[in-house]
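Colleague: I have a fold open on my screen and would like to learn how to read it feature by feature. Could you walk me through it?

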Amino acid sequence: MSLHQRILNDVEGNILSGLWPPGHRIPYEHELTEQYGCSRMTVNKAIGDLVKRGLIERRRKSGSYVTFPHVQSAVMEIHDVKLEVESLGLDYAYSLDERVLRKATTGDSARIDLPGSGRLLEITCRHFAGGRPFCFEERLINLSAVPEAETEAFDSVAPGSWLLGQIPWSTAEHRIRAVAAVRPAAQALDIVLGAPCLVIERRTWSGGVPVTSVRLTYPGDRHELVAEFAPGANG
């Protein structure tokens, strides 16, 4: 076996076995050169092959790291971000950034269909996967539809998970956009300003009454949407 193939197999084995989990920094190229007694070019070629396979990502001035799994979400599902993260085999964490009780304004009408006298709970929070920012959430909750939310702190449970267990939804609307990260999202996700992001905007109703509106922002290089469908009578 060539040294190139041996290095490639060893590094790949450490990744696939879980010994080196997502986010783990692999040894620097000069360290692998010393370990295997080979040229820097041989190591660089092996690492380059693993980058092409999607197992490793190179970060400028930082080194090479095991990549996080590429996330797939079903387009028309109301999914729980916690379950989404755990399905990847990664540790999940949640952080509440802001919780504000307020009246609805005319500026809210594009997000949630409430009269000006309506009362809202506005929440911004973050979800983490393997210690790394995974999703930035901005949510409005209609307190007339879910009055229990007014006394819920949401400091240890994410609002999406909580709502799924509190009130059934009868109608949902999804809007999906590719955007450049604005400052709040860039800071929350620890990405550069203007980096590509995938935004899912969702509104839900229960019996015609608006329940919640949420904007979920994901780093664009780690998330994609999937739709499954079958041919219908007209297709």
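**The pocket**

Modeller: Gladly, and let's begin with the pocket. The largest pocket is lined by 15 residues, and R132, D190, I191, D221 and R222 lie nearest its centre. This is a predicted model, so local features need pLDDT of at least 70 and side-chain atom pairs count only at pLDDT 80 or more, while totals for chains, interfaces and linings use all residues. Residues are numbered from 1 along each chain as its sequence is written, and side-chain values use heavy atoms, with hydrogens and water left out.

Colleague: How is a pocket defined here, and what volume does the largest pocket have?

Modeller: The general idea is that rolling a probe the size of a water molecule over the atoms shows where empty space is left. On a 1 Å grid over the protein atoms alone, a pocket is an open set of points with protein on both sides within 12 Å along at least five of seven lines, where lining residues have an atom within 4 Å of a point; a cavity, by contrast, is a set of points where a 1.4 Å probe fits but cannot get out. The volume is the space filled by probe spheres set on the points, with grid points joined across faces, edges and corners. For the largest pocket here, the volume is about 380 Å³.

Colleague: Which strands supply at least two residues each of that lining?

Modeller: Those are β1 (56-59) and β6, and β1 gives the most, with three residues. Strands (E, at least two residues) and helices (H or I, at least four) are DSSP runs, numbered from the N terminus. By class, the lining has seven nonpolar, one polar and seven charged residues. Here Ala, Val, Leu, Ile, Met, Phe, Trp, Tyr, Cys and Pro count as nonpolar, Asp, Glu, Lys and Arg as charged, and the others, Gly among them, as polar.

**The sheet**

Colleague: Which order do the strands take in the open sheet?

Modeller: Two strands count as paired if DSSP finds at least two bridges between them. In this model six strands form an open sheet in the order β4-β5-β6-β9-β8-β7, with antiparallel pairing. The edges are held by β4 (92-103) and β7 (171-180), each with a single partner strand, so one side of each is left without a neighbour in the sheet. Direction ignored, neighbouring strands of this sheet are turned by 15° against each other on average, using axes that are lines fitted to C-alpha atoms (for helices over the stretch in contact), with angles from 0 to 180 degrees between N-to-C directions.

Colleague: How many bridges join β4 to β5?

Modeller: There are 11, and R99 has I123 in β5 as its bridge partner. Next along, β5 and β6 pair over 10 bridges, with L121 opposite I141 in β6. Their hairpin has two residues between the strands, and G130 takes a positive phi near 60° there.

**Burial and cysteines**

Colleague: Is β5 mostly covered or mostly open?

Modeller: Mostly covered: eight of the 11 residues in β5 (residues 119-129) are buried. Buried means under 20% relative accessible area, exposed over 50%, and partly exposed in between (1.4 Å probe, protein chains only). C125 is buried at 0%, and C135 also counts as buried at 0%.

Colleague: Which loop holds D190, and is D190 buried or exposed?

Modeller: D190 is in the loop between α6 (183-189) and β8 (196-206), and D190 is exposed at 64%. Although not a glycine, D190 has a positive phi of about 60°. F154 also has a positive phi of about 60° without being a glycine; F154 lies in the loop between β6 and α5 (159-164), and is buried at 0%.
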